[in-house]
Amino acid sequence: MLVKYEFLKILRKKSTLIVMAVSLLLTGFLFGLPIMQYQTYNQDGVIKGMDGIAYEKEQYADLSVPLTEEYVAETVREVQGLFENPDNVGYDGNERFLIGAAYWDGVAPREKLLNLIANTYSKPNEIWGYNNLFDLDIKESFYQTMEGKIETLLDNPSRTLSNEQKGYWGSIAGKVDTPLQYGYYEGWEVIISSFELLMFALLAICIVVAPVFSGEYQAGTDAVILSAKYGKTKLITAKIAASLLFGTATFILHIVVACGLPLAAFGIDGWNLPLQIANTTIPYPFTFLQAVLINIGIIYLVLLAMIGLTLLLSAKMKSPYLVLIILVPILFIPMFLTPNGTTGAYNLTLFLLPYRSIMPEFSKYISYQFGSMVLDTLTIRAFLYVFLTIIMLPLARLGAKKHQVA
């Protein structure tokens, strides 16, 4: 009953309703932008919005195929055949490209796939397009090249990875099933690339939770509450539980909006396709659905830890505004800090801060070594924020219990 009362107390505040309404609208707007701004092209010009999405999905009708060695080799030969006809080729002084029907019929419907194949054969830090396939001499198979490129990335001296770390990532990448199944995955790609926008939702939840204890102090009702029979025991626990319940409920609501809009517009197609069809150097053997669910889980753990920190600060401070003065920099200063690599104390710390922790970083080979044990960044984030939550919540309870009424 106490938890229910405290939950409703949070929920019924006008400030809660305003903050949540603004947060949901902002989340809807930010995750809806890729839909509103979407555009693709055909021979007649640009196609925007839902019409563009429908047109693009039609182009993928014949591209839901396994990328076998034979299919990749045949696709490369087809592009090379188009380049062999001089009437099909344009030149801008720097590179050759296909023009006219050769491009619109032979390349445009599958340009994303062709770029994926070309980039697999490119050197690390180089970006190739379909036009690079013209000069490509396929000496190694597609999947041997894919494996070799990952090995080259891991052996790059700039990464300064230990032998244990290289072995770890090699074993992870070795679990990817081949041949890769290709297909349409636009909706899932939009979600994965937009996860960082949920930082505003996390801030909104913390804003609502900030007055749980300090709001009582500021209003002067702490003297009445803490002097009650269960004021320093069950009531404090109920406030913490209600805050976690509120945070969980509103987080789910934000996730429904954030994921629902792209999937409603682009469709759920591609949920069971491997991440590698977006980038063949991604080591994780996840499907798009698995990747989204795993990162949502990590974001939720980050949220729980931030709620714990908010409650701890609220229990210690006399005003919710003081709580936010501390919270906002913690959440948003890392937004302006850019990693200069994937190793070193600075970078490894930056990848664990709240803002960076809600970004998947699936293709960056970020790992942490403890003796001979190696763990990837997703695992470390999960452990770290579970640990912080376990530490913060009891400290918040203790801080509220020890509060002295002025």
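**Buried residues, salt bridges and a surface patch**

Ser122 is buried, with a relative accessible area of 5%; here buried means under 20% relative accessible area, exposed over 50% and partly exposed in between, using a 1.4 Å probe and protein chains only. The model is a predicted one, in which local features need pLDDT of at least 70 and side-chain atom pairs count only at pLDDT 80 or more, while totals for chains, interfaces and linings use all residues. Residues are numbered from 1 along each chain as its sequence is written, and side-chain values use heavy atoms, with hydrogens and water left out.

Ser122 sits in the loop between helix H6 (111-121) and helix H7 (142-155); helices (H or I, at least four residues) and strands (E, at least two) are DSSP runs, numbered from the N terminus. Its side chain reaches the backbone oxygen of Asn119 at 2.7 Å, and a polar contact of 3.0 Å joins it to the side chain of Lys149. A polar contact is a pair of N or O atoms within 3.5 Å; within protein, one must be able to donate a hydrogen and the other to accept it, and residues adjacent in sequence count only if both atoms are side-chain atoms. Once neighbours within four places in sequence are set aside, Ser122 is in contact (heavy atoms within 4.5 Å) with Trp128 and Lys149.

The loop between helix H13 (234-266) and helix H14 (288-316) holds Gln276, and Phe286 is found in the loop between H13 and H14 as well. Gln276 is buried at a relative accessible area of 0%, and Phe286 is buried at 17%. A polar atom of the Gln276 side chain lies 2.8 Å from the backbone oxygen of Tyr284. Beyond four places in sequence, the contacts of Gln276 include Leu116, Met146 and Phe286, while Phe286 touches, among others, Ala291, Ile294 and Phe362.

Turning to charged pairs, the structure holds 8 salt bridges, each a side-chain nitrogen of Lys or Arg within 4 Å of a carboxyl oxygen of Asp or Glu. In one of them, Glu78 meets Arg110, with the closest N and O atoms 2.9 Å apart. Glu78 lies in helix H4 (residues 69-83) and Arg110 in the loop between helix H5 (100-106) and H6, so this pair ties together parts that are 32 residues apart in sequence. Glu78 is partly exposed at 36%, whereas Arg110 is buried at 14%. Glu186 and Lys112 also form a salt bridge, at 3.3 Å from N to O. Because Glu186 belongs to helix H9 (residues 186-193) and Lys112 to helix H6, the pair ties together parts that are 74 residues apart in sequence. A network of salt bridges links Lys112, Glu186 and Glu189.

What of the cysteines? The search of the whole structure finds 0 disulfides, a disulfide being a pair of cysteine sulfur atoms within 2.5 Å. The sulfur of Cys259 is 20 Å from the closest cysteine sulfur, in Cys206, which is too far for a bond. Cys206 is buried at 0% relative accessibility, and Cys259 is buried at 12%.

On the surface, Leu26, Phe29, Met36 and Phe200 form a nonpolar patch with about 370 Å² of accessible area together. Helix H2 (residues 14-36) supplies the largest share, 3 residues. Leu26, placed in helix H2, is partly exposed at 32%. Patches are made of residues with over 30% relative accessible area and no salt bridge, like charges being joined within 9 Å and nonpolar side chains (Val, Leu, Ile, Met, Phe, Trp, Tyr) within 5 Å. Accessible areas come from the Shrake-Rupley method with a 1.4 Å probe, and for residues only the protein chains shown count as cover.
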